[in-house]
Amino acid sequence: MGIKGDHSEKKLRSRSPANRGYAGLFHLLEENASDAIKQGEIKQHFGRKIAIDASMSIYSFLVAVRSEGQQLTSETGETTSHLMGLFYRTLRMVDNGIKPLYVFDGRPPTLKSGELAKRSARKAEATAAHAEAKEVGTAEEVEKFSRRTVRVTKEINDECKRLLTCMGIPYVEAPCEAEAQCAALAKAGKVYAAASDDMDTLCFETPILLKKLMLSEMKKEPVQEIYLDRAMELLDFTRDQFIDLCILLGCDYCDTIPKVGPTTALKLIREHKSIEKVLEHLGPKYAVPGNWPYQDARELFKNPLVTDPEECEFKWEAPDMDKLVAFLVGEKGFNEDRVRAAAGKLSKNLKGNTQARVIDFFKPVPKTAEELAGMKRKNEEKVAERKKKVKAEKTEKGKAKKGKSFHFHFHVPVLCKKDKSEPEKSSQL
Amino acid sequence: MLEARLEQAGVLKKVVDAIKDLVQDCNFDCNDSGIALQAMDNSHVALVSMLLKSEGFSPYRLDRNVALGVNLTSLTKVLRCAQNEDILTLKAEDTPDTLSLVFENAENDRISEYEIKLMDIDQEHLGIPETEYAAAISMPSAEFQRICRDLNQLSESVSIEASKEGVKFSCSGDIGSGSVTLRQHNNVDKPDLSTKIELTEPVALTFSLKYLVNFCKASALSSVVTLSLSNEVPLLVEYAMGSGFVRFYLAPKIGEEE
């Protein structure tokens, strides 16, 4: 299966202001369907099989696992950031009782070529900037651009697969997009959830998406669990509408409409229900990209190229201590004691009883129509309250700018009588 | 509105003490049958189900069913301000923002009033099926607590085996192993100290001791505890009170499927 380096470099995208998609959807859910997101500790997921978007994780290790701004290297100068990251973060999951299944990207869909070309261009830019920074820039700049030049090569992927095999951790190779395969596995019940920081995974219909699962222990950040059905229920969207919303927010497969941000996107889909209808009603203010392939993007989300989950075989096995030591210690210069201690944990956590959960035996009572309505109402109240707060803050700021003379001229005493809690009114005057 | 008067504040104090380490936030669902609570721990391994029947209150007035979302740590703080013998009255509006608790001390004519803020808790409610358990063991709650604490020193999990002869709690850990066997016996003078075993078929299951030790905090509620077991279903640990109960369900540890 051909693996293109650039295919997995998503982190970079979310850092560039031109692409708001990923952050966009998450914030949109936070603001409009906060009950669809749950935060928890990693250990709550003990005993669960979780499909992990490997390529994305490896990329993030290359970017983040560093020492003094430099990638970790072995004595011979080969990069080892990816192995270090993969080894210890996987260990952390296994230590918490999780059974990770890694999914590697296959060939990227043709529709992604535009996006990939852009990424290459940015990469080339960063490489040039990096070279320049080395000459004249500050250390900070050098580091910044060096992070941006990161590419996941086939060798890096192969080394990661080799490491996983030594560790007894299974992986599968997706025919196309790894997120799509993760989602298919979760949807088929083969794994509990898909883990990716890429919100697109929700469009591929994973019932549960785990974010921030792969962060290092030191970050102390909670794992975020996003429930697709709850999100759609709270937004009052069908799957088609949800996908259309995500396309407007910005996905990997096509551009967004300039000037359509998250708020507008949500409003447009709420009002018109589909991109087709949105386009019919869109005013001249918005320049829809020519030849906009939104229908193809939609098709990719709805019928992605994946291997039938029933045909994916994976098993968690005991680590091969000798091979692991030979690889990590012998070839890559890892500390032998630490590798051995870690591998000991791998085999210990593999055997023994697994704690079941009461929810495996007792099923949730479906919410009554009344409860559902109540849930939606409460959600709307929350959204309204948040909006009010934001608005209040804005007017508060506005007032501060305009200064005291504003109040003086308009005989404020009348307002003062009312209440401080209605700051909007004073600005309307 | 809700108005429920409890002769002894101690009952609610003990109930909340028994569950506060398992659950942080939960709804007290008030309806005609009384005040009920159902919640799972964060990991969804254990479930607690509590009922204080309306008969246990005098009076119990309720105009409309209401769910009181409470942070149990906050509730514990307020309940610490009550003495066990105080008369406790719970009050709430129909769509309340706060729950008010009034403690009356008859001895020195003291009335204390507290209010705690309520929260919106979106909780999943699980349907607990009626189960004919293969084994039901009733025993002194203090005895069960001691066994769990003792074995917890050696291991993380305990295997509970019930047969006609008795019930055996056993464990093994890094430093060694241990077991406690209780035979069925009847204490005529002190019936609460009897051990009774009702058995339709032998069962053997393994459970996390950490959770069992946690459940035992409810021992103050009742001198007798009932353990109900069937193969491959959660264990039920029940503490019955005069007019209500606290029930804990604990999912077993199971062997690997592969």
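How many salt bridges does the structure hold over all chains? The structure holds 26 of them, a salt bridge being a side-chain nitrogen of Lys or Arg within 4 Å of a carboxyl oxygen of Asp or Glu. This is a predicted model, in which local features need pLDDT of at least 70 and side-chain atom pairs count only at pLDDT 80 or more, while totals for chains, interfaces and linings use all residues. Residues are numbered from 1 along each chain as its sequence is written, chains are lettered from A and ligands numbered from 1 in the order in which they are written, and side-chain values use heavy atoms, with hydrogens and water left out.

**Where chain A meets chain B**

- The contact (heavy atoms within 4.5 Å) takes 25 residues from chain A and 30 residues from chain B.
- About 2300 Å² is buried between the two chains, 55% of it on carbon and sulfur atoms; buried area is the accessible area (1.4 Å probe) that two parts lose on being put together, summed over both.
- Between chain B and chain A the count is 1 salt bridge.
- K378(A) forms a salt bridge with D120(B), with the closest N and O atoms 3.4 Å apart.
- On the side of chain B that touches chain A, β4 (46-53), β10 (126-127), β16 (203-208) and β20 (253-254) of chain B each supply at least two residues; strands (E, at least two residues) and helices (H or I, at least four residues) are DSSP runs, numbered from the N terminus.

**Strands that pair across the chains**

- Strand β10 (residues 354-355) of chain A pairs with β20(B) in the antiparallel sense over 2 bridges; two strands pair if DSSP finds at least two bridges between them.
- Q355(A) has K253(B) as its bridge partner in β20(B).

**A sheet in chain A**

- In chain A, 7 strands form an open sheet with mixed pairing, in the order β1-β9-β8-β7-β2-β5-β6.
- β1 (37-40) and β6 (171-173) of chain A stand at the edges with a single partner strand each, so one side of each is left without a neighbour in the sheet.
- Strand β5 (residues 99-104) of chain A runs parallel to β6(A), and 3 bridges join them.
- V103(A) has V172(A) as its bridge partner in β6(A).

**A link within chain A**

- D35(A) forms a salt bridge with K382(A), the closest N and O atoms being 3.0 Å apart.
- This pair links distant parts of the chain, 347 residues apart: D35(A) is in the loop between α2 (21-32) and β1 of chain A, and K382(A) is in helix α17 (residues 369-402) of chain A.
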